[in-house]
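Thank you all for coming; I would like to walk you slowly through one structure today. Please keep the sequence and the picture in view while I talk.

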Amino acid sequence: MSRDPAQPCSLVGAGQLTASDPTPGMSRQVAMHGAGMWTGTVDTEPHATSGWHHHGEYETTLYIVSGRMRMESGPGGQHVVEAGPGDFLRVPAGAIHRESNPSDEAGRAVIVRCGTGEPTINVDGPA
């Protein structure tokens, strides 16, 4: 990949995000996808739980904007972490997990994934 120091920065406006990567229980929107990176948002309704899934070869970082995000992962889905506004969550490449929003407020997170391949693979259950 060549680097051009004169290349200008770009903008993806909030109204330009598009629906992407469906997983039951959550709504993702993509801002950009290409050159080894996927960026977008995920919205989770109050008390909703997503289906089990992983992100293939992508390392994923989520920044929680609003609401709460509970992440279940590990053997049998027994490892649980919970994050709120201002917190970051990391999902290793290939880690089977599911998210839930245990709060009464809709949840929103910003997602940055680095890797290649399919960004979301839905599966039947935990590892």
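Predicted model: local features only at pLDDT ≥ 70, side-chain atom pairs only at ≥ 80, totals over all residues.

The sulfur of cysteine 114 has its closest cysteine sulfur in cysteine 9, and because these atoms are 17 Å apart, they are too far from each other for a bond. A disulfide here is a pair of cysteine sulfur atoms within 2.5 Å, and the structure holds zero disulfides. Cysteine 9 counts as exposed because its relative accessibility is 80%, whereas cysteine 114, at 43%, counts as partly exposed. For these words, buried means under 20% relative accessible area, exposed means over 50%, and partly exposed lies in between, with a 1.4 Å probe and protein chains only.

Residues are numbered from 1 along each chain as its sequence is written, and side-chain values use heavy atoms, with hydrogens and water left out.

Glutamate 59 stands opposite cysteine 114, which belongs to strand 10, and strands 5 and 10 run antiparallel, joined by seven bridges. Two strands are said to pair if DSSP finds at least two bridges between them. Strand 5 also pairs with strand 8 in the antiparallel sense, over four bridges, and there tyrosine 63 has phenylalanine 88 of strand 8 as its bridge partner.

Let us turn to the nonpolar core, a set of buried Ala, Val, Leu, Ile, Met, Phe, Trp, Tyr and Cys residues joined through side-chain atoms within 4.5 Å. The largest one has 14 residues, and those touching the most other members are Val42, Leu62, Ile64, Met69, Met71, Leu89 and Ala109. At least two residues of this core come from each of strand 2 (26-34), strand 3 (37-44), strand 5, strand 6 (69-73), strand 8 (88-91) and strand 10 (107-114). Contact means heavy atoms within 4.5 Å, and beyond its neighbours within four places in sequence, valine 42 has contacts including Leu62, Met69, Ala109 and Ile111.

Isoleucine 111 is found in strand 10, and it is buried because its relative accessible area is 1%. Although 74 residues separate isoleucine 111 from methionine 37 in sequence, they are 10 Å apart in space, C-alpha to C-alpha.

Finally, is histidine 55 buried or exposed? Histidine 55 counts as buried because its relative accessibility is 3%, and its place is the loop between strand 4 (53-54) and strand 5 (59-66). A polar contact of 3.4 Å joins its side chain to that of histidine 97; such a contact is a pair of N or O atoms within 3.5 Å, where within protein one must be able to donate a hydrogen and the other to accept it, and residues adjacent in sequence count only if both atoms are side-chain atoms. A polar atom of the histidine 55 side chain also lies 2.7 Å from the backbone oxygen of proline 119.
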